[in-house]
Amino acid sequence: MLDRMWWYVRLGIATVCQRLFHLDQGGAIRDLAFEAGWSRRHKNFLRTIGMVSNLDQWDARTVAKAAMFYHAAKEKAQAQRLFAVAMEKAHDDFIVLACYGKYLKESGRAREAVAQLQQAVQERPDDVTTVCWLGDTYFDLGDLGKAQECYEKCLKLQADWGAAYVGLANVAMHQEDWKEAARLWREAIKRMPQEAYLWRGLGQALFELGDLKGAISAYDMCIRSGDPQENSWAFGGLAECYLARGDFRRAAKSCKQALRWKPGHQPLLDLMQEIEQAATAHC
């Protein structure tokens, strides 16, 4: 009974949205609807709209945005089909190219993504988001020079663009320039202090620099940021720090906490064995 009632509610919402879309010549209401759906990661959002509206008949940009939503919802077949529709409608449109390029990158098709994102940047060279996506794609391909150029261009376009500092920090980490990496992680944290993975990156850089106190503080901040996906990395980092300090009790405790978040993870099991061996040798 409740399922049927919910179905009717969804149908009613979809009908209202469809009528608004037809009346909304500028696309503002439609875009707001997509933004609302995107922010909630609601898998049923586009399904609901699809009950009364054929996505294939919408304009290319809307179809591309819909495809990105399905991609985020891990509905691969529908995302791929809609991107094919969008590219057929407008293969040289900036939004379509940018969305398709990001989709290809996140689908492990970085070489194909570069071509799409390059074309998107040519269409709109001042769009900082797309330039940053292109930098991320070059980084995935191991072309650090081109990645760095893109990130530096982002900062020329918008000096406070946090994602560009993240990209440059990753380049520095890959080059084992730990001092520069730590500086760049701090710049990123100034702009996005709520992002747990930034604190984890700073912790890694400070650990490599031998600043164990600073690394422990950064890993603690990572854990306090409340992103469960980062907990195994942060507790693992703490374990390494405490092991380096010779605090085997805390090292073992942190490693066990990391294993709670990622049971059976071989690098963590190896670290636990290393901690136990070090503790035994110390005794």
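Four helices, α8 (128-140), α10 (162-174), α12 (196-209) and α14 (228-245), each contribute at least two residues to the lining of the largest pocket. The structure described here is a predicted model. The volume of this largest pocket is about 560 Å³. Its lining comprises 18 residues, and those nearest the centre of the pocket are Lys105, Asp136, Val166, Asn170 and Tyr197. By residue class, the lining of the largest pocket consists of seven nonpolar, five polar and six charged residues.

The stacked classification follows because the angle is under 30 degrees. Both tyrosines lie in helix α6, where three residues, about one turn of the helix, separate Tyr100 from Tyr103. Tyr103 has a relative accessibility of 2% and so counts as buried. Through these ring pairs, Phe83, Tyr100 and Tyr103 are linked into a cluster.

A contact between a charge and a ring was found at Trp233. The charged end of Arg200 sits over the ring of Trp233, at 5.4 Å from the ring centre.

Side chains of opposite charge can pair when their charged atoms come close. Over the whole structure, the search returns ten salt bridges. One of them joins the side chains of Glu106 and Lys102, with an N to O distance of 2.7 Å. Glu106 and Lys102 are four residues apart in helix α6, and therefore about one helical turn separates them. The two partners fall into separate accessibility classes: Glu106, at 41% relative accessibility, counts as partly exposed, whereas Lys102, at 19%, counts as buried. Lys102 is placed in the buried class because the limit is set at under 20%.

A salt bridge also connects Glu112 with Arg109, with 2.9 Å between the closest N and O atoms. Glu112 is partly exposed, with a relative accessible area of 40%, and Arg109, at 27% relative accessibility, counts as partly exposed too.

In helix α11 (residues 178-191), Arg191 and Glu187 are four residues apart, which means that about one helical turn lies between them. These residues form a salt bridge in which the closest N and O atoms are 2.9 Å apart. Arg191 is partly exposed, with a relative accessible area of 26%, while Glu187 is buried, with a value of 16%. Salt bridges with shared partners join Asp160, Glu187, Lys190 and Arg191 into one network.

Note on methods: Residues numbered from 1 in each chain as written. Predicted model: local features only at pLDDT ≥ 70, side-chain atom pairs only at ≥ 80, totals over all residues. Heavy atoms only, no water. 1 Å grid on protein atoms, 1.4 Å probe; cavity = no way out; pocket = protein on both sides within 12 Å on 5 of 7 lines; lining within 4 Å. Points joined across faces, edges and corners; volume = space filled by probe spheres on them. Nonpolar A, V, L, I, M, F, W, Y, C, P; charged D, E, K, R; others polar. Buried < 20%, exposed > 50% of the residue type's maximum accessible area, 1.4 Å probe, protein only. Phe/Tyr/Trp six-rings, centres within 6.5 Å; stacked < 30°, edge-to-face > 60°. Lys NZ or Arg CZ within 6 Å of the ring centre and 35° of its normal. Salt bridge = Lys/Arg side-chain N within 4 Å of Asp/Glu carboxyl O.
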